Amino acid sequence: MRCCEITMNVTVIGGAGYVGLTTSACLAYKGNTVYCVDIDQSRIKRINEGSSPIHEGGLEEIIEAVVKEGRLFATQDAGNSISASSAVFICAGTPSKKDGSIDLRQIIIATRNVGRSLAKKDEYCVVVVKSTVVPGTTRSRIIPLLEKMSKKKAGVDFGVCMNPEFLREGSAVKDLLFPRDQGIVIGQFDEKSGDSLLELYRGSEAEILRTTLDSAEMVKYARNAYLSKDISFANEMANICQQLDVDYLDVKKGLEMDSRIGRFLNAGIGFGGSCFPKDIRALVSKAKEAGIEPAILEATLRVNENQPSVLMNIVKRALGNLKEKNFAVLGLAFKPGTSDMRESRSIPIIERLLAQGAHVYAFDPEAAAEAKKFFGRRINYTSTAEEALRKADACIIVTEWQMFSDPKLYDYLKGRFIFDGRRSLDPRKLSHRFIYHGIGFPEGTKS
Ligand code: UDX
């Protein structure tokens, strides 16, 4: 047992997905016995073999350890898992519908299954919604469905909490094991529900907020909205700086000197990933449904959508016609430290290059296999950055992997043009042979 005094049997529904698996592995690591329930047979097999079906720093090692110690079991059997558990986490995905609103289908299926299993269970257990759901969902959709399927009463026969996750890809294990930076938010149906969930966090040094179900749901959206608003603000400032021949990086340093100002101020080609874009769209849709015009949220999305065009306009101003030109694209993942391509800014950048007749030689240390699902054989995947650069008239930095900030790497570039979509390279350290352009970098300034 590593940290908790009291340990529990826990079921995680959607346990082989990104949030579910990280939650399962970390709860098991803290000494609990965890049943990780999922429908994906191949993922279940891998987990039970002690290996991780997703790429996330530290997760593989934890899974290997807890499977060996007999505290993590992956299974398709929700019924027996729930009957043996005193807490059930729902970690189903909540993607966007075409109109941007939240798609609750996976949550509804998971809730029905949990409800059916609760019907056969005599002991009290707490159902914890971890999935990101718009305010009101747990209260008005999940609880009524649990009660209908189980023929039992929330607050009497079972408890309900909403406990949002704040996992950042690449540091999700640390975020879960040591949530000190981000705190723990427990939305509770009643006091007993909250007390039951609190047992799982016993021993944690993190600040804990106990609140209503709806407030907990809203905290998750408000945080993601706040952070993405800062990114779009940074991008707008960088775009203005560029036109005024000011270097945004100097301005950023000045902003960060003020402790009241945030930390998500890296300008570039915008935010992607599995959370920010879809969560902001879902909140816009929910706000409109409630009769609010969410001006800041809509502007955040608009600025973000435009950033790839800002970079492509710089490329076109520098190179003119892109037909038959060869581009090295460095980075495909939505951010460094992950193989995740969801809503990656590499997608609009590469699509625009291809639409204009350019050839793409792309390199990413982790995401090439995922990227093939998006681009297939329309682009060339190289096994090193050097190989892509050797073929290229120009290069575009799309993801700020550490290795791309090494100025010596660019000695391999055949052409002269470097377009930095993340401002991750210091142009002063480049050879004078190159012409450097970056978002928020005074236009056309030579290195
Ligand atoms: C985010 C939140 O940080 C996390 O708390 C939440 O629960 C899930 O969503 P994640 O999507 O893993 O985490 O990545 P994050 O590091 O927040 O970056 C998101 C996107 O914003 C990336 O595309 C990143 O490149 C971009 N970004 C981030 C910027 O463009 N500028 C910044 O200053 C920071």
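**Exercises on a predicted model**

Lysine 414 lies in the loop that links strand S12 (394-397) to strand S13 (417-420); strands (E, at least two residues) and helices (H or I, at least four) are DSSP runs, numbered from the N terminus. This is a predicted model, in which local features need pLDDT of at least 70 and side-chain atom pairs count only at pLDDT 80 or more, while totals for chains, interfaces and linings use all residues. Residues are numbered from 1 along each chain as its sequence is written, and side-chain values use heavy atoms, with hydrogens and water left out.

**Exercise 1.** State which residues lysine 414 touches, not counting residues up to four places away in sequence.

Solution.
- Contact means heavy atoms within 4.5 Å.
- With that cut-off, lysine 414 touches Leu389, Arg390, Lys391, Ala392, Asp393 and Arg433.
- For aspartate 393, which is 21 residues from lysine 414 along the chain, the C-alpha separation is 5.9 Å.

**Exercise 2.** Find the strand order of the open sheet of eight strands and identify its edges.

Solution.
- Two strands pair if DSSP finds at least two bridges between them.
- The order is S3-S2-S1-S4-S5-S6-S7-S8, and the pairing is mixed.
- Strand S3 (72-75) and strand S8 (208-211) each have a single partner strand, so one side of each has no neighbour in the sheet; these two are the edges.
- From one strand to the next, the twist averages 20 degrees.
- Helix H5 (residues 105-119) packs on the sheet, where it touches strand S1 (9-13), S4, S5 and strand S6 (158-162).
- The direction of H5 makes about 165 degrees with that of S4; axes are lines fitted to C-alpha atoms, for helices over the stretch in contact, and angles run from 0 to 180 degrees between N-to-C directions.

**Exercise 3.** Determine how the buried residues of helix H14 (residues 368-375) are arranged about its axis.

Solution.
- Buried means under 20% relative accessible area, exposed over 50%, partly exposed in between (1.4 Å probe, protein chains only).
- Ala368, Ala371 and Phe375 are buried in H14.
- Viewed down the H14 axis, the buried residues fall within an arc of 50 degrees, so they line one face of the helix; the arc is that of the directions from the helix axis to the C-beta atoms.
- Ala369 and Lys373 are exposed on the other side of H14.
- Helix H13 (346-355) and strand S11 (380-381) are what the buried residues of H14 pack against.
- After H14 comes glycine 376, with a positive phi near 50 degrees.
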